[in-house]
Amino acid sequence: MKDLFTEDIKEQGMTLIVKTVVQGLKGFIFLYGVYIVLYGHLTEGGGFAGGVIIASGFILVMLAFGRKYTLGKLGKLMAFKLYCLGALAFLGMASLAVFFHGRFFTNFLEKLWPSGNMALFSAGNIPLYQIAIGLSVAAGLFMVFIILAVIRVVFENGKGKLITTEKEDKKSRIR
Amino acid sequence: MDILIGILLVFMAMGAIIALETTDLLSAVVSLGAMGAFSSIIFLFVGAPDIAITQMVAEILSLVILIRATISRDLTTLEEDRDFFGLVATLTIIFVLLLLGIEALRLLPPFGTPIFTENPLSASNRYLNLGLKETGTASIINAISLDYRGYDTLGETAVLFTAILGALAILRVYAKKKR
């Protein structure tokens, strides 16, 4: 936590009060999002709502602490890799069902270990699908926010040019 | 119960009118957020907690993105007159939809009775009766969207993936190789 209060991170983001509150709150938001993803087969929510909650937690950290600290924790390339991992896991589990039962999306774990007892480890494939969807939605929405917040179009000499707003913010006129 | 939903609908209408008539963009975005919050509470009262969670979270996310887009571009007020033809077209469409909506509302069964259960072989009967036994999950919504109709969820994930791939392909900064 000592790296939060170095000089260059101190001048980005919001005031000290906001930073202290978010520092304590970001763990609970992340935990709540993971809870909604994991219990998706028992209570409401599931992968999509839980993924959006996790992405909102990351966006809160980016708004409060500035760009540099958040991109150090989860950069654009890592978010894209997590997103691809989630989508591939979803497709891979659906394709694996072809080897077990010959049809594309069968719940093969449910047929191996049938259970209707509303426990956490029940309902076969469905919690694994929820985890894959939650991971991909969280990483994808955070990546959309990074694209909107970091990359801008700057007009120079009549032509548009894409810059990342870390180095060239002060020199070019942003339209 | 109906009175409560009526009061919340009046607040929603007030929020929408404020969002239209104010000239400060930040106030418009905030009152849009208030409208979404009231809509989420209405969903909770009519018995759909799933939709309430998703509505609230998606509302907050789109609000944050909109605020970030309006504040950081030095565009905080909007000074344009309204177009007359656009106004006439909007009012016509709203009026036609209102007439059709009143007619459709008259033909619906009362609130809370399922529509397609007269036929015992229909799909909804099978989902309701055999849902817990076949899939083993208590939440019938997630069972339908990931077990019975999982292919649609695959399509939805593919749409999200393609949209983000398209955005990344357009906004690449280092597109050419350095010579």
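Predicted model: local features only at pLDDT ≥ 70, side-chain atom pairs only at ≥ 80, totals over all residues.
Residues are numbered from 1 along each chain as its sequence is written, and chains are lettered from A and ligands numbered from 1 in the order in which they are written.

Of the 175 residues in chain A, 44% are buried (under 20% relative accessible area; exposed, over 50%; partly exposed, in between; 1.4 Å probe, protein chains only). The accessible surface of chain A amounts to about 9,500 Å², with 68% belonging to carbon and sulfur atoms (Shrake-Rupley method, 1.4 Å probe; for residues, only the protein chains shown count as cover). Among contacts (heavy atoms within 4.5 Å) between residues of chain A at least 6 apart in sequence, 55% join residues at least 24 apart.

A:Asn125 is located in the loop between α6 (108-112) and α7 (126-150) of chain A. With a relative accessible area of 1%, A:Asn125 is buried. Neighbours within four places in sequence aside, A:Asn125 contacts A:Met93, A:Thr106, A:Asn107, A:Phe108 and A:Leu109.

Aromatic pairs were defined for rings of Phe, Tyr and Trp (its six-membered ring) with centres within 6.5 Å (planes under 30 degrees apart, stacked; over 60, edge-to-face; the rest, tilted). Over all chains, this rule gives 13 aromatic pairs. A:Phe104 and A:Phe105 form an edge-to-face pair, at 5.2 Å centre to centre and 80 degrees between the planes. A:Phe104 is partly exposed at 29% relative accessible area, whereas A:Phe105 is buried at 11%. Both belong to a cluster in which ring pairs link A:Phe90, A:Phe104, A:Phe105, A:Tyr129 and B:Tyr151.

On chain B, a nonpolar surface patch is formed by B:Met1, B:Leu4, B:Ile41, B:Phe45, B:Val46 and B:Phe111, together presenting about 600 Å² of accessible area. Patch residues have over 30% relative accessible area and no salt bridge, like charges being joined within 9 Å and nonpolar side chains (Val, Leu, Ile, Met, Phe, Trp, Tyr) within 5 Å; a salt bridge places a side-chain nitrogen of Lys or Arg within 4 Å of a carboxyl oxygen of Asp or Glu. B:Ile41 lies in helix α2 (residues 25-45) of chain B and is partly exposed, with a relative accessible area of 34%.

Key:
Heavy atoms only, no water. Helix = DSSP H or I, 4+ residues; strand = E, 2+ residues; numbered from the N terminus.
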